[in-house]
Amino acid sequence: MNIVEKIENSSLKTGTPVFKSGDTVKVYQKIKEGDKERVQVFEGVVIARKGSGLRSSFTVRKNSYGVGVEKTFLVNSPLIDKIELLYRGKVRKAKLYYLRKKKGKDTKIERLDMINNNN
């Protein structure tokens, strides 16, 4: 193990759930406005995972008032308060970019199981 890997391993976050594309997650992101800080929740389907280790990221997509919204997050970012896994999805692809062209019921992903029943 070289020096760069040692530094990266010390910076990795612990406690993040194991999730993949197709899963529904809630991402709690810290937003700083002036001198105040608040937490904003973004809930949606993971459509992509990229990278590994410290540089890994994921893209979440949701439909907000009829408009598709996507956000890309770094898994180990200090701005991410926590990631909550809600549902596992049954998909056969690693990248779900085809959901961008779909509307309504066509964007539904079959759920394998319910992780958290807070709804």
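Trainee: A pocket is an open set of points on a 1 Å grid over the protein atoms alone where a 1.4 Å probe fits, with protein on both sides within 12 Å along at least five of seven lines. How much space lies in the largest pocket?

Mentor: About 600 Å³, where volume is the space filled by probe spheres set on points joined across faces, edges and corners. The model is predicted, with local features needing pLDDT of at least 70 and side-chain atom pairs pLDDT 80 or more, while totals for chains, interfaces and linings use all residues. Residues are numbered from 1 along each chain as its sequence is written, and side-chain values use heavy atoms, without hydrogens or water.

Trainee: How does the lining split by class?

Mentor: Six residues are nonpolar, nine polar and nine charged. Asp, Glu, Lys and Arg count as charged, Ala, Val, Leu, Ile, Met, Phe, Trp, Tyr, Cys and Pro as nonpolar, and the others as polar.

Trainee: Back to Arg61. Where is Arg61 placed, and is Arg61 buried or exposed?

Mentor: Arg61 is in strand β3 (residues 57-64). Arg61 counts as buried because its relative accessible area is 19%; buried means under 20%, exposed over 50%, partly exposed in between, with a 1.4 Å probe and protein chains only.

Trainee: What does the side chain of Arg61 make a polar contact with?

Mentor: The side chain of Glu70, at 2.9 Å. A polar contact here pairs N or O atoms within 3.5 Å, one able to donate a hydrogen and the other to accept it; residues adjacent in sequence count only if both atoms are side-chain atoms. Setting aside residues up to four places away in sequence, Arg61 also touches others, including Gly44, Val45, Leu99 and Arg100. Contact means heavy atoms within 4.5 Å.

Trainee: Which residues make up the largest nonpolar core?

Mentor: Twelve, among them Phe19, Val25, Phe42, Val46, Phe58 and Leu85. A nonpolar core is a set of buried Ala, Val, Leu, Ile, Met, Phe, Trp, Tyr and Cys residues joined through side-chain atoms within 4.5 Å. Strands β1 (24-33), β2, β3 and β5 each supply at least two residues of this core, and β5 gives the most, with three. Apart from this core lies another, of six residues, including Val45 and Leu96.

Trainee: And the loops? Where is Asn76 found, and is Asn76 buried or exposed?

Mentor: Asn76 is in the loop between β4 and β5, and counts as buried because its relative accessibility is 13%. The Asn76 side chain reaches the backbone nitrogen of Lys13 at 2.9 Å.

Trainee: What about Tyr65: which loop does Tyr65 lie in?

Mentor: The one between β3 and β4. Tyr65 counts as exposed, because its relative accessibility is 86%. Tyr65 has a positive phi of about 55°, although it is not a glycine.

Key. Helices (H or I, at least four residues) and strands (E, at least two) are DSSP runs, numbered from the N terminus. On a 1 Å grid over the protein atoms alone, a cavity is a set of points where a 1.4 Å probe fits but cannot get out, and a pocket is an open set with protein on both sides within 12 Å along at least five of seven lines; lining residues have an atom within 4 Å of a point.
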